[in-house]
Amino acid sequence: MSRRLAAGLSVTALMLTAIPAEAEQASVGFPGSAFPLGERGMPTKNQRTVAPGVELFNVMHGKSTQGWTVSVLMPNGHDNGPLPTAQARAEAVEAAGFTPSVLKIVQPAAADAPAVERYMVRVGLWTFKQRAKADKVVKELKEFDIRAKTDYLGDDGDMTTGPWDMRVVMVDPKAFRGSYRTSVGTSVAERETTSSMSKQVKALAGVNGGFFNIHTPKALQGDPVGVSVVGGKLLSEAVPGRSGLVITGRKARITELQTTVIAVSSTGAKVEVKGINRAAAAEELVLYTEEFGAKTAADGGAEVVVDARGRIVNARAAGGTVPKGHYVLHGTGVFADWLYEHAAEGGLMKVSNKVVDLRTRRAIPLTPQTYVMGGGVGLVRNGRVRITAAADGHASVNMMLRRHPRTMVGVTKSGGLILVTVDGRNPGVSVGASMVEAAQVMRWLGAKQAINFDGGGSTAMVIRHKVINRPSDGRERTVGDGLFIVP
């Protein structure tokens with residue numbers, strides 16, 4: 001085997017399908033144009049009616065033509081890094097007796113983030129049926145303390161022939177007489193499957209929702225990362241400026257959001273509440289509603305239990321339940337001191353919530369018909385691709401360039417709703433989509449506005465409570481919330 005380090009850099013550049021100035025479809029209806037990804041051609045689709053005005057499409061396109069390679073991991077465990085780091089790893093691979101290639105990859109530019117050049121080190125190339133040979137090289141590299149992984153080339157953000165396996169639900173606002181709603185399941189703290197939440201709300205169809213907090217105690221991981229309003233109740237605060245879906249009845253729109261929560265004591269003292277239904281940091285005031293579904297933390301802080309009229313019925317040390325029809329203010333550090341000073345039993349405590357649409361600068365009325373769900377990344381705005389990766393916390397090679405299962409939601413010019421799942425991480429069956437490809441698919445389907453929800457193993461679409469796509473975990477994952485179409 002040659003031990004010569006490749007002198008030049010092979011360049012892997014993200015190849016994008018041409019994007020027309022405006023979305024091809026202005027209203028609800030499956031597009032009659034070629035599939036926007038891979039080799040040009042019409043996709044294969046099957047259609048069935050879920051309910052009047054609600055159509056389901058199974059969409060397939062492309063074929064598997066790619067194989068396997070071995071990606072060498074950088075010292076930090078990632079498969080890419082700056083050029084000097086990649087060159088050093090390539091030298092170690094060469095010294096072990098293998099022939100490496102240093103490849104430049106480009107994380108595509110987003111609306112709020114520049115393109116970023118990174119580098120990978122790869123060894124070998126095998127056909128689809130030769131994965132065992134790639135796995136063998138990974139084991140051989142391990143003997144030299146070089147960590148590596150077997151990679152399917154279709155997962156890269158470079159050109160691919162697919163295949164793609166998608167589920168698309170389209171709602172015609174003129175024919176549909178139901179409504180839309182979100183759900184956090186039986187509690188905010190607990191994770192549940194999309195199908196379980198579907199049963200609870202008696203949904204016709206639905207998809208998994210936004211990202212949930214995996215960096216918190218396991219019992220609290222159902223907490224949405226971002227805004228959540230269910231039936232007019234604010235259950236999770238927004239990450240200011242991030243994208244979200246706003247629903248009123250069967251009207252939906254996508255915008256950027258901000259929340260403000262203020263507590264006012266009977267002494268007139270005011271303080272901002274930083275969190276809702278999540279773990280409190282060392283110096284924070286957090287609001288827990290009856291939907292929280294778990295005990296508050298016994299973290300040495302202070303709490304007050306407040307009834308529906310704003311009367312403080314209990315002042316206690318932190319750690320306890322949230323009684324039905326009540327809420328709890330939980331303070332740590334200086335905010336525990338604030339509660340001791342301003343919140344005595346028998347006194348009053350008023351909490352005001354505001355959700356602001358940052359595009360219009362107006363507050364969103366929190367009525368029983370109001371539902372708001374934070375997404376992952378904005379994809380399409382006013383019919384044009386506009387990926388807000390930095391603002392939405394996903395400006396990375398893995399999220400922007402690599403292909404994964406995706407869940408997307410779009411709104412058409414006529415007010416129709418589009419729900420989409422793209423299966424992935426299933427070599428030879430479905431490659432998933434990059435963030436840019438997700439935006440292209442939504443424009444092709446006619447979305448005037450579109451947003452990316454949680455994907456990967458969380459991606460799930462349900463029709464009458466049954467999962468109809470192929471979750472990449474091999475089974476349905478428990479998630480934080482879901483979006484549903486109800487009769």
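A pocket, on a 1 Å grid over the protein atoms alone, is an open set of points with protein on both sides within 12 Å along at least five of seven lines; a cavity is a set of points where a 1.4 Å probe fits but cannot get out, and lining residues have an atom within 4 Å of a point.

A word on the model itself: it is predicted, so local features need pLDDT of at least 70 and side-chain atom pairs count only at pLDDT 80 or more, while totals for chains, interfaces and linings use all residues. Residues are numbered from 1 along each chain as its sequence is written, and side-chain values use heavy atoms, with hydrogens and water left out.

Strands β13 (233-236), β21 (326-331) and β22 (349-357) each give at least two residues to its lining, and β22 provides the largest share, 5 residues. Strands (E, at least two residues) and helices (H or I, at least four) are DSSP runs, numbered from the N terminus.

The largest pocket has 33 lining residues, with F211, F212, H394, M399 and D454 nearest its centre. By class, its lining has 11 nonpolar, 16 polar and 6 charged residues.

The table sets out the volumes, each being the space filled by probe spheres set on grid points that are joined across faces, edges and corners.

| Space | Volume |
|---|---|
| Largest pocket | about 610 Å³ |
| Largest cavity | about 80 Å³ |
| Second largest cavity | about 60 Å³ |

**The cavities**

Searching the whole structure turns up 2 cavities of 30 Å³ or more. Around the largest cavity are 12 lining residues, and I105, M120, D156, L401 and R402 are the closest to its centre. Both β5 (100-107) and β6 (116-126) supply at least two residues of that lining, which comprises 5 nonpolar, 3 polar and 4 charged residues.

The second largest cavity has R359, R381, R386 and E256 among its lining residues. Its lining has 4 nonpolar, 3 polar and 4 charged residues. β15 (251-265) and β25 each contribute at least two residues, with the largest share, 4 residues, coming from β25.

**The sheet that holds β25**

β25 also belongs to an open sheet of 8 strands with antiparallel pairing, in the order β2-β3-β8-β28-β27-β29-β25-β26. Two strands pair if DSSP finds at least two bridges between them. At the edges, β2 (44-51) and β26 (384-385) each pair on one side only. Strand β25 (residues 377-381) runs antiparallel to β29 (residues 449-452) over 3 bridges, and V377 sits opposite N452 in β29.

Helix α6 (residues 435-444) packs on this sheet, touching β8 (164-171), β25, β26, β27 (406-411), β28 (417-422) and β29. Contact here means heavy atoms within 4.5 Å. The direction of α6 makes about 40° with that of β25, where axes are lines fitted to C-alpha atoms, for helices over the stretch in contact, and angles run from 0 to 180 degrees between N-to-C directions.

**The annotated domain**

An unreviewed UniProt entry carries the annotation "domain: Phosphodiester glycosidase" for residues 302-485. UniProt positions are given in the numbering used here, feature names are shortened, and annotations may be inferred rather than shown by experiment. The span is 12% helix and 37% strand, and its end C-alpha atoms lie 41 Å apart.

Conventions
Ala, Val, Leu, Ile, Met, Phe, Trp, Tyr, Cys and Pro count as nonpolar, Asp, Glu, Lys and Arg as charged, and the others, Gly among them, as polar.
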